[in-house]
Amino acid sequence: MGIFVLMVKAELEGIAKFSLSENSRFLVDLHSQGEEKKGVYICPYEELEVEGGRGTAQFVLSKPFKCNISIIALKDYTRSEYTAGDSGEFVPMAAFECRGCDITNISLPDPFDVESTGGYRWEKQTLDDGEWCEYDEENDVSVMLTNLECMVETHSGKGDAKGKKGKKQKGGR
């Protein structure tokens, strides 16, 4: 069992914070016992029964892999928003406990919400080639989110996501 943390980094201008929109999904690539499955969506708001288990998970798969796979979204390991003070730094935005697989790549395909430094909000915004820009007319502020990067960081599952670190793997948008 491993814990895989989505680390996000971006450059913010005129933006106080951005966060994933309600019901956002994560797009991941999975690796298990020499096999790979690309383009798998994990929906943190879904709860699926784990076959032969006692709980639920946000993703369950038994084929095409040789073993059962379950992925559970962990909320205690991460932050819900990326702030102006984080600009240019990697921040943990989501974490997943994986049983029977590793996450090798992760990206954010779904919209996000943005708040300008003046307090104006845009909901369900999407990136165009890793960038987003707008103008906050109420506060006369140009706002930009650029150079969004996603990275997978692995953890042993002992301690918290900010503690024992494993290898980093570049992800994408």
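In which strand is Glu-153 found? Glu-153 sits in strand β15, which covers residues 141-155; strands here are DSSP runs of E with at least two residues, while helices are runs of H or I with at least four residues, and both are numbered from the N terminus. The structure is a predicted model, so local features need pLDDT of at least 70 and side-chain atom pairs count only at pLDDT 80 or more, whereas totals for chains, interfaces and linings use all residues. Residues are numbered from 1 along each chain as its sequence is written, and side-chain values use heavy atoms, with hydrogens and water left out.

Back to Glu-153: with 2% relative accessibility, Glu-153 counts as buried. Buried means under 20% relative accessible area, exposed means over 50%, and partly exposed is in between, using a 1.4 Å probe and protein chains only. The side chain of Glu-153 also makes a polar contact of 3.1 Å with the side chain of His-155. Such a contact is a pair of N or O atoms within 3.5 Å; within protein, one must be able to donate a hydrogen and the other to accept it, and residues adjacent in sequence count only if both atoms are side-chain atoms.

Next comes a sheet. Four strands make up an open sheet, ordered β9-β2-β12-β13, with antiparallel pairing. Strands pair if DSSP finds at least two bridges between them. At the edges are β9 (81-83) and β13 (121-125), each of which pairs on one side only. From one strand to the next, the twist averages 15 degrees; axes are lines fitted to C-alpha atoms (for helices over the stretch in contact), and angles run from 0 to 180 degrees between N-to-C directions.

Going through the sheet pair by pair, β2 (residues 15-20) is joined to β9 by three bridges, and Phe-18 stands opposite Tyr-82 there. Five bridges link β2 and β12 in the antiparallel sense, with Ile-15 opposite Ser-116. Another three bridges join β12 to β13, where Glu-115 has Arg-121 as its bridge partner. β12 and β13 form a hairpin with four residues between them, and Gly-119 in the turn has a positive phi of about 100 degrees.

How many of the five residues of β12 are buried? In this strand (residues 112-116), five of five are buried. Phe-112, Val-114 and Ser-116 lie on one side, Asp-113 and Glu-115 on the other, and both faces are covered.

Then there is the packing. In soluble globular proteins, nonpolar side chains tend to be buried together. A nonpolar core here is a set of buried Ala, Val, Leu, Ile, Met, Phe, Trp, Tyr and Cys residues joined through side-chain atoms within 4.5 Å. The largest one holds 35 residues, of which Leu-6, Val-8, Phe-18, Phe-96, Ile-103, Trp-132 and Leu-145 touch the most other members. Strand β15 gives the most to this core, with six residues. A second, separate core has six residues, including Val-5, Met-7, Leu-74 and Ala-95. Leaving aside residues up to four places away in sequence, Phe-18 touches several others, among them Val-8, Tyr-82, Phe-112, Leu-145 and Leu-148; contact means heavy atoms within 4.5 Å.

Phe-18 also belongs to an aromatic cluster, together with Tyr-82, Phe-112, Tyr-120, Trp-122 and Trp-132. The structure holds six aromatic pairs. In one of them, the rings of Tyr-120 and Trp-122 have centres 4.8 Å apart and planes at 70 degrees, so the pair is edge-to-face. Rings of Phe, Tyr and Trp (its six-membered ring) pair if their centres lie within 6.5 Å; planes under 30 degrees apart are stacked, over 60 edge-to-face, and the rest tilted. Tyr-120 is partly exposed at 32% relative accessible area, while Trp-122 is buried at 10%.

Finally, two loop residues. Asn-23 is in the loop between β2 and β3 (26-32), and has a positive phi of about 65 degrees although it is not a glycine. Asn-23 is partly exposed, at 46% relative accessibility. Along the chain Asn-23 and Tyr-45 are 22 residues apart, and their C-alpha atoms are separated by 6.3 Å. Not counting residues up to four places away in sequence, Asn-23 touches Tyr-45 and Asp-110. Asp-129, in the loop between β13 and β14 (132-136), has a positive phi of about 55 degrees without being a glycine. With 76% relative accessibility, Asp-129 counts as exposed.
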